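Open the model in your viewer and keep the selection panel at hand. This tour goes stop by stop.

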Amino acid sequence: MLRKEFYQSIPTLEFLSFIHAMSLSSADLDGLNELLGGLMSIQNDPRRAAEETLETSWRGPARVGVLLLYLATNAANGSDDTVRSFCAILFRRMAIRSPKDLGSVIDRTIGEIDESVKTQIRDVLLKGFVSQQSAAVRRKLADAIAEVAREDASPRGTWPDLIPNLFDCASSQESSLRECAFRVLSSCPEMIETNYIDRILLLFEAGFEDGDDDVRIAACTAFVSFFRESPRNVWSVMSPLLPSLLNSLPRFLENAHDEALANVLESLVELAEMAPRMFKDMFSKIIEFCSTVCKNRDLEVNARLGALELLTTFAEVSPAMCKSTSSYASTMVMINLSLLTEVSIDDEDAAEWNNNDNTEDDEDEPEYEAARQILPALISKLTDKSVFKVQKHAAAALVNFCEAASNDVLDPFLDSLLNNLLALLQSPKRYVQEQVLTTIAIIADAAQKKFIKYHDALLPLLVNFLKSDLGEEYRLLKAKCVECATLISSAVGKDIFSQHSDNLIDIMIVLQETCTDLDDPLKSFLEQGWGRICKLIGKDFVKYLPLVLPPLLQTAKAAQDVSFLEEDEAEEFNNSEEWDVINLSGKLIAVHTAALDDKEDFFPWVGEIAQEIAIPALDFYLHDGVRASSSLLLASLFKSVVYATGARSQETSSMWAQICVKLSEVLRTEPVPELLMAYYTSLVECMETLDPEILTTAHLEFLAEAVHANLTEIYERIKNRDGEGDQFTEDVDDSEEEITDEELLDELNRVITCLFKIGGTKFAPFYEKLLAPLVSSFIVDDNSSIKLCGLSVVCDIFKYFSEYPDSSNYLKYIIAEGLTSPKSRSGREQPTRSH
């Protein structure tokens, strides 16, 4: 009976065409019908059996084309909407999967099947798309067509009927056809050639003004996709349509179509990121409209947040336009303050807090410092009079305040602060206790020596709690307790801590032995705590290394999950010149690099850390912090080897060879400026420790190639940036970027200096081959940073390689152009030329 039903799912003409085209036996067709019936079964056993059959019998290269054509035929002509929808979804899923037994992970099955089968699939899907269909089925057919239309499955010219049919559908009387035509165009904008530009713009304008919400949404999304794929010389032709697009927004608002409004705002965010200045003439109206949306509490949250995100995007990509529009800043402040005061309808505690009039009197003189106004208000909430969530949020707010406050500001309030916080440690709510421990830790870190008088009372209390035998649900609380105890110890100093150091360290060792679960929250807090204690007691920590390091290294090597740390968690160590931090697979390891630089104590672990953790971690592309920290760690490990075994030892030579080859490799491929800076820093630190005798010509060639690649890329980036600035985008000041191209050039100059200084004449042929042409162009460039980089290299040549053949030509240029040219008598280049 099942088989008969699916025979009947395909109309006779299509059914016969399918059998004839594929030369199918009745057994194969029966098998496909039975497979489809099993996959659609609501019973688990038949469905599981069908899924296994699909995987083992129909995904191979010989039969997958038959499967896809069968699914496409049923998607277009199935017996009912359920069959059609299911087959369209399954077709798309099978089409985009990587081919079985051939191809690579980036290939798609639809791109690998026979061309004749693809031609039939295109015809079947397109005919089904334009025929009578429900809106839901047509959307799924549109998604299937979009996958087949991509370049790998349908190279340009192989589906000539598609674009004309889509254009006709976009002008159809049927709203479903109009919407789904834009849906396909949105997914594959690259297939619209420039000779269609006039017609497609007319279709977009009609779509923006369409009476159907779904059509307007699809038109807006397709417009943004087409805009993104179009060359910039086409943008000016498309920009006049922007007012029509924006005019569709009030209609969504008036008709209370929240979801539609949110979808279009999402598209506008992407458009604003690409061409913010295109909105300039309408920017005031956009601010006004978005403000209205954000303040309308009757709208769904996605629409309100979409409006806020759009306004925020302009601040990021076009700050000058925002500054020049007087209403922008005040509107944004009011919107955000208003949203901050809103309370979820099911959050009774927050509602009580929000409506509470128990605030500080307004009699304080206006000149009082912010601390005298804020801290008493927060302290007053750290009592039993406040509900638990208020206590937690007040304690959390103190963290933000104390991180920026000096110990002198905190000093007058420490007694009342800590008395209230210690009382809250007895709270019946574990989340309050956890937050209180974090807050105490941050206060100790901010107060430093002023916290000493509280240390003797608090640390034994924390140690006793850590010794207590509580359930698994208290592991995070113990973790917070470790954090609090070690931060307090760091704040008061080694002498005060020594009174309790043995007790705390012993219990931390015991706790570490209990951390057998990879997801145990205590593990990461213990790792950070060990780092603080190591920093605090210095060489006295050496005796604990055999206990502490092995499980940390094992965790680093075994863990695969990536968790992103908050910046302040690593900041305490990164801000110290004596420390480097490695965040490997979400696991933080703080290494006392000052100790590694001049002591042998760490040497037994250097090889394992370098070869099994630090060097492999340079390829850990899932997390930037892993690569940066591991590169910085390598320099410290290398210094440890040099100190322990000598500058010319076999161990030193082997370690340098590994570091040089790996850093040279990643320097040529790394796109992130912050990581390049870390690699340069690590390389310079290694080379400054290096004995010239172990620097081979092969090493110099690797490094010269990497430097050449980086200089070329940075040069092109700077020149492209200098040439930008048009009617669509704004030249955003990059002074707030963590690492600028100019800073990268400065660090590259340090690398080149080391190469000249240590490589000497061995470096000359590689400079001549790879860097000399760049330097010659750099010193005459109009960009001051590029010119300064070139002049700095010339300085190195005069200082370390005076016999270089072209040094006289460099000198003539500097005398003729550098010192006598009026345009160069100021700025950063002048001291370099003079030098």
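## A loop residue to start

Select Ala256. With a relative accessibility of 53%, Ala256 counts as exposed. The model is a predicted one. Ala256 sits in the loop between helix 16 (249-254) and helix 17 (258-274). Check its backbone: phi of Ala256 is positive, near 60 degrees, and the residue is not a glycine. Most residues other than glycine have a negative phi.

Now jump to Gln448. This residue is in the loop between helix 27 (430-447) and helix 28 (452-467). Gln448 is not a glycine either, yet its phi is positive, about 55 degrees. Is Gln448 buried, partly exposed or exposed? Its relative accessibility is 29%, so Gln448 counts as partly exposed.

## The whole protein

Zoom out and colour by secondary structure. The protein has 45 helices and two strands. Of its 835 residues, 51% are buried. Take the contacts between residues at least 6 apart in sequence: 69% of them join residues at least 24 apart. The accessible surface comes to about 39200 Å². Carbon and sulfur atoms account for 50% of that surface.

## A cluster of rings

Select Phe182, Phe204, Phe208, Phe223, Phe226, Phe227 and Trp235. Ring pairs link these residues into a cluster. The count for the protein comes to 17 aromatic pairs.

Keep Phe208 and Phe223 on screen. Their rings form an edge-to-face pair, 5.5 Å centre to centre, with 80 degrees between the planes. Phe208 belongs to helix 12 (residues 197-208) and Phe223 to helix 13 (residues 213-229), so the pair ties together parts 15 residues apart in sequence. Both Phe208 and Phe223 are buried.

Next, show Phe227 and Trp235. Their ring centres are 4.4 Å apart and their planes meet at 25 degrees, so this pair is stacked. Phe227 is buried, at 0% relative accessible area. Trp235 is buried too, at 6%.

## Charges over rings

Select Trp58 and Arg63. Arg63 lies over the face of Trp58, 3.7 Å from the ring centre. Then go to Tyr474 and Arg430. Here the charged end of Arg430 sits over the ring of Tyr474, at 5.2 Å from its centre.

## A leucine and its contacts

Select Leu162, which is in helix 10 (residues 162-170). Leu162 is buried, with a relative accessible area of 2%. Which residues is Leu162 in contact with, leaving aside neighbours within four places in sequence? They are Leu126, Ile145, Ala149 and Met191. Draw a distance to Ile145: the two C-alpha atoms are 9.2 Å apart, and 17 residues separate Leu162 and Ile145 along the chain.

## One side of a helix

Move to helix 26 (residues 414-424). Its buried residues include Leu414, Leu417, Leu418, Asn420, Leu421 and Leu424. Why are these six on the same side of helix 26? They cover an arc of only 165 degrees around the axis, which puts them on the same side. An α-helix has 3.6 residues a turn, so residues three or four places apart point the same way.

## Last stop: helix 41

Select residues 741-759. This is helix 41, with 19 residues. From its first C-alpha to its last, helix 41 reaches 26 Å, close to the 27 Å expected at 1.5 Å a residue. Helix 41 is mostly covered, with 14 of its 19 residues buried. Step past its end to Gly760, which follows helix 41 and has a positive phi, near 60 degrees.

How values were computed:
Residues numbered from 1 in each chain as written. Predicted model: local features only at pLDDT ≥ 70, side-chain atom pairs only at ≥ 80, totals over all residues. Heavy atoms only, no water. Buried < 20%, exposed > 50% of the residue type's maximum accessible area, 1.4 Å probe, protein only. Helix = DSSP H or I, 4+ residues; strand = E, 2+ residues; numbered from the N terminus. Arc of directions from axis to C-beta. Phe/Tyr/Trp six-rings, centres within 6.5 Å; stacked < 30°, edge-to-face > 60°. Lys NZ or Arg CZ within 6 Å of the ring centre and 35° of its normal. Expected span 1.5 Å × (residues − 1). Contact = heavy atoms within 4.5 Å. Areas by Shrake-Rupley, 256 points an atom, 1.4 Å probe, with all protein chains shown as cover.
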